[in-house]
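Colleague: Could you walk me through one spot in this model, and then show me what else is worth a look?

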Amino acid sequence: MSRILIIEDEMAMRTALSDTLGDEGHRIMTATDGPSGIQKAVDEKPDLVLLDIMMPKLDGFAVCRELRRLGLRMPVLMLTAKGQIDDKVAGLDAGADDYLVKPFNRLELLARVRALLRRTAGSMPPPEKITFGPVTVDFLRGECRNAGRALKLTPKELAMLRLLSERPGEVVTRDEFLDRVWGYGSYPVTRTVDNHIARLRGKLETDPSAPRYLLTANKSGYRLCLEDVD
């Protein structure tokens with residue numbers, strides 16, 4: 001589960017961002033001005049910062065520069081109504097990683113957040129083996145066992161589990177599965193993802209109709225829970 005800090009002084013925007021990203025399985029922290037946002041970033045070390053520019057006390061440019069001066073390297077996505085090219089350049093020069101102009105589309109926001117989090121996660125090696133409940137998956141060997149019994153998983157099923165295991169507890173959308181496992185050039189449909197998840201549940205879950213590990217997430221995708229869900 002990724003931890004996202006939202007630094008935004010407008011309550012309506014702060015609430016909307018919190019709800020949108022929280023629904024995707026992220027843990028959300030908020031701050032209402034620049035100084036408190038800097039302090040929370042120092043204390044909590046979030047995985048990503050969403051940063052408004054027009055704020056009281058310190059604007060977003062100053063906040064971003066201070067985060068970088070303090071050695072905090074988490075990605076920063078600037079959100080602002082200022083859409084002039086000079087403002088974008090100033091934001092990137094201050095240390096931001098991306099820039100999104102208000103009003104923005106929810107799907108574009110989520111895509112940019114996923115891209116920034118993938119970039120960060122890319123610096124960490126993917127797990128070689130995972131265990132959840134009675135199931136053990138060895139990605140190096142391409143082997144899976146359920147309660148000690150060997151199971152045959154297809155390459156696509158193993159790739160889906162590998163993708164889920166890179167971000168345990170977080171939502172992997174159907175589009176991400178199609179992109180990373182199938183590749184958009186093969187023109188699969190989102191129902192393909194659902195069918196493969198259903199087959200995985202049939203192999204890995206004790207009761208596929210009431211899954212405990214391969215969980216549906218807000219109708220947008222799936223997440224892997226490595227701990228038993230009651």
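What is the relative accessibility of K45, and what does K45 count as on that basis?

Modeller: K45 counts as partly exposed, because its relative accessibility is 47%; here buried means under 20% relative accessible area, exposed over 50%, and partly exposed in between, using a 1.4 Å probe on protein chains only. Before we go on, this is a predicted model, so local features need pLDDT of at least 70, side-chain atom pairs count only at pLDDT 80 or more, and totals for chains, interfaces and linings use all residues. Residues are numbered from 1 along each chain as its sequence is written, and side-chain values use heavy atoms, with hydrogens and water left out.

Back to K45: you'll find it in the loop between α2 (34-44) and β3 (48-52). Helices (H or I, at least four residues) and strands (E, at least two) are DSSP runs, numbered from the N terminus. K45 isn't a glycine, yet it has a positive phi of about 50 degrees. K57 is another non-glycine with a positive phi, about 75 degrees, and it sits in the loop between β3 and α3. K57 is exposed, because its relative accessible area is 68%.

Now follow the chain into α3 (residues 60-69), where R68 lies. R68 counts as buried, because its relative accessibility is 14%. Its side chain reaches the backbone oxygen of L72 at 2.7 Å. Setting aside neighbours within four places in sequence, R68 is in contact (heavy atoms within 4.5 Å) with R73, M74, P75, V76, A94, G95 and D97.

P103 is in the loop between β5 (98-101) and α5.

On a 1 Å grid over the protein atoms alone, a cavity is a set of points where a 1.4 Å probe fits but cannot get out; a pocket is an open set with protein on both sides within 12 Å along at least five of seven lines; lining residues have an atom within 4 Å of a point. Grid points are joined across faces, edges and corners, and a volume is the space filled by probe spheres set on the points.

The second largest pocket holds about 170 Å³ of space. Two elements, α5 (106-121) and α7 (174-182), each give two or more residues to its lining. The largest share of that lining, five residues, comes from α5. By class, this pocket's lining has three nonpolar, two polar and five charged residues. In that scheme Ala, Val, Leu, Ile, Met, Phe, Trp, Tyr, Cys and Pro are nonpolar, Asp, Glu, Lys and Arg are charged, and the others, Gly among them, are polar.

Searching the whole structure turns up one cavity of 30 Å³ or more. The largest cavity has about 70 Å³ of space, and α5 supplies the largest share of its lining, four residues. Its lining includes E24, L110, R114 and T173, and E24, L110, R114 and T173 are also among the residues lining the second largest pocket.

Last stop, α8 (residues 190-204): its 15 residues reach 21 Å from first C-alpha to last, close to the 21 Å expected at 1.5 Å a residue, where the expected span is 1.5 Å times one less than the number of residues. Buried residues of α8 include D194, H196 and R201.

Definitions and conventions
Polar contact = N/O pair within 3.5 Å; in protein donor to acceptor, adjacent residues only side chain to side chain.
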